[in-house]
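This briefing concerns the pairing of charged side chains. Please consult the sequence and the model shown below.

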Amino acid sequence: MSRSARLHPDGLTRCPWPGEDPFYIAYHDTEWGVPEYDDRALYEKLILDGFQAGLAWITILRKRENFRRAFDDFQPEKIARYSEKKVHALMNDVGIVRNRAKIEGTIASAKSYLKIMEDGPGFSKLLWDFVDGRPKVNQFKTTASVPASTPVSVKISKELAGRGFKFVGPTIVYAFMQATGMVNDHLVSCFCHETCGRKHRSPRLKVK
């Protein structure tokens with residue numbers, strides 16, 4: 001379904017997907033599409049996008065603080081050493097999405113991340129080099145124009161999968177690129193289209 005940006009009671013025109021949910025609107029306004037260059041933060045976001053597969057993003061977003069608690073604040077050095085006992089504990093944690101393949105994939109991806117950090121080129125540089133180090137600014141007017149994947153997301157997907165990352169298909173990778181500002185997919189009439197590229201990385205949002 002094609003949807004255009006919508007005018008909100010506060011006088012700002014936004015992409016349609018946050019609806020009227022204040023929590024989702026805050027995420028849209030302060031985080032989604034803001035360029036992220038921090039290695040660990042990029043790892044966290046990629047993992048969360050992997051957990052989203054088959055679910056709505058708002059479901060993951062509302063559980064994000066639970067995920068951070070359960071996964072040691074997404075520190076790859078700790079996750080890479082998770083034991084079967086830890087996996088079992090995570091499978092019993094009602095605060096997160098309890099999917100064994102995704103949990104084990106998080107561990108495998110942590111090991112791959114550490115190898116990239118130790119041997120080069122670094123996780124952020126590896127990813128951002130695919131877009132020459134700066135956001136690709138799109139000019140979409142409706143949500144129907146926004147792709148689910150692109151040739152670049154296919155390339156990144158293949159690169160990450162080849163390095164041992166899990167749950168990094170082209171569609172997941174493109175959602176990751178949108179969220180981390182590698183592409184600016186705010187609709188042109190959304191107030192964030194002009195501003196998100198100039199923002200610094202936003203503080204973490206806390207679940208109310």
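**Salt bridges in the predicted model**

The structure holds 15 salt bridges, a salt bridge being a side-chain nitrogen of Lys or Arg within 4 Å of a carboxyl oxygen of Asp or Glu. The model is predicted: local features need pLDDT of at least 70, side-chain atom pairs count only at pLDDT 80 or more, and totals for chains, interfaces and linings use all residues. Residues are numbered from 1 along each chain as its sequence is written, and side-chain values use heavy atoms, with hydrogens and water left out.

**Arg-62 and Asp-21**
- A salt bridge joins the side chains of Arg-62 and Asp-21 (2.3 Å, N to O).
- Because Arg-62 belongs to helix α3 (residues 57-62) and Asp-21 to the loop between β2 (13-14) and α1 (22-30), the pair ties together parts 41 residues apart in sequence; helices (H or I, at least four residues) and strands (E, at least two) are DSSP runs numbered from the N terminus.
- Arg-62 is partly exposed at 37% relative accessibility, and Asp-21 is partly exposed at 21%; buried means under 20% relative accessible area, exposed over 50%, and partly exposed in between (1.4 Å probe, protein chains only).

**Arg-100 and Glu-84**
- The closest N and O atoms of the salt bridge between Arg-100 and Glu-84 are 3.2 Å apart.
- Arg-100 lies in helix α7 (residues 100-119) and Glu-84 in helix α6 (residues 84-91), so this pair links parts 16 residues apart in sequence.
- Arg-100 is partly exposed at 32%, as is Glu-84 at 47%.

**Further contacts**
- Asp-129 and Lys-125 form a salt bridge with closest N and O atoms 3.0 Å apart.
- A network of salt bridges links Arg-40, Glu-44, Glu-65 and Arg-68.
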